[in-house]
Amino acid sequence: MRQSLRDKIIAVCDKKIAQKGPDVGLSFYAFFANRNNDPETLMEAATWWIKTHELDHFEKATNIREMVSAGR
C-alpha cells in the first residue's frame, strides 16, 4: 500500500478515535469522500481490506491503525 494512503488511514483513524472513543468501528469507505473521485486508491484500500486481510465490513479503528502502522 502506498505511503500516502497509509498516512491518510492513520489520520482518519486517529480523528475517529479522538471523536468517538477506542471502540469506534470503520469501513474502508471512511477514508474517501462520498464521490468516487479516486477509484484507483479506493480499489487499493478495498483490496488491502477485503482480499489481503479478509476483514469484516466494520473493524475497530484501533485495530486498523495498528495494522497499517505495523506495515501489514
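This is a short tour of a predicted model, stop by stop.

**Before you start**

Residue numbers run from 1 along each chain as its sequence is written. Because the model is predicted, local features need pLDDT of at least 70 and side-chain atom pairs count only at pLDDT 80 or more, while totals for chains, interfaces and linings use all residues; side-chain values use heavy atoms, without hydrogens or water.

**Stop 1: the whole chain**

Show the protein chain as a cartoon.

Switch to the C-alpha trace. Along its principal axes it spans about 30 × 25 × 20 Å. The radius of gyration of the protein chain is 11 Å, which agrees with the value near 11 Å for a compact globule of 72 residues. That radius is taken over C-alpha atoms, and the globule rule is 2.2 Å times the number of residues to the power 0.38.

The accessible area is about 4700 Å², and carbon and sulfur atoms hold 49% of it. The areas come from the Shrake-Rupley method with a 1.4 Å probe; for residues, only the protein chains shown count as cover. Of the 72 residues, 36% are buried. Buried means under 20% relative accessible area, exposed over 50%, and partly exposed in between (1.4 Å probe, protein chains only).

Consider contacts next, meaning heavy atoms within 4.5 Å. Among contacts with a separation of 6 or more, 55% join residues 24 or more positions apart.

**Stop 2: helix 3**

Select residues 61-69, which make up helix 3. Its buried residues are Ala 61, Thr 62, Ile 64, Met 67 and Val 68. Then step past the end of the helix to Gly 71, where phi is positive, near 80°.

**Stop 3: Phe 28**

Center on Phe 28, in the loop between strand 1 and helix 2. Is Phe 28 buried or exposed? Phe 28 counts as buried, at 7% relative accessibility. Leaving out residues up to four places away in sequence, Phe 28 touches Leu 42, Ala 46, Trp 49 and Ile 50. Draw a distance to Ile 64, 36 residues away along the chain: the C-alpha atoms are 9.6 Å apart.

Phe 28, Tyr 29, Phe 31, Trp 48 and Trp 49 form one aromatic cluster. The structure has four aromatic pairs. Rings of Phe, Tyr and Trp (its six-membered ring) pair if their centres lie within 6.5 Å.

**Stop 4: Leu 42**

Move to Leu 42, in helix 2. Leu 42 has 15% relative accessibility and counts as buried. Apart from neighbours within four places in sequence, Leu 42 contacts Phe 28, Tyr 29, Phe 32 and Asn 36. Phe 32 lies ten residues from Leu 42 in sequence, with 7.4 Å from C-alpha to C-alpha.

**Stop 5: Glu 54**

Finish at Glu 54, in the loop between helix 2 and strand 2. Glu 54 counts as exposed, with 66% relative accessibility. What is the phi of Glu 54? Phi is near 50°, a positive value in a residue other than glycine. Most residues other than glycine have a negative phi.

Key. Helices (H or I, at least four residues) and strands (E, at least two) are DSSP runs, numbered from the N terminus. Rings of Phe, Tyr and Trp (its six-membered ring) pair if their centres lie within 6.5 Å; planes under 30 degrees apart count as stacked, over 60 as edge-to-face and the rest as tilted.
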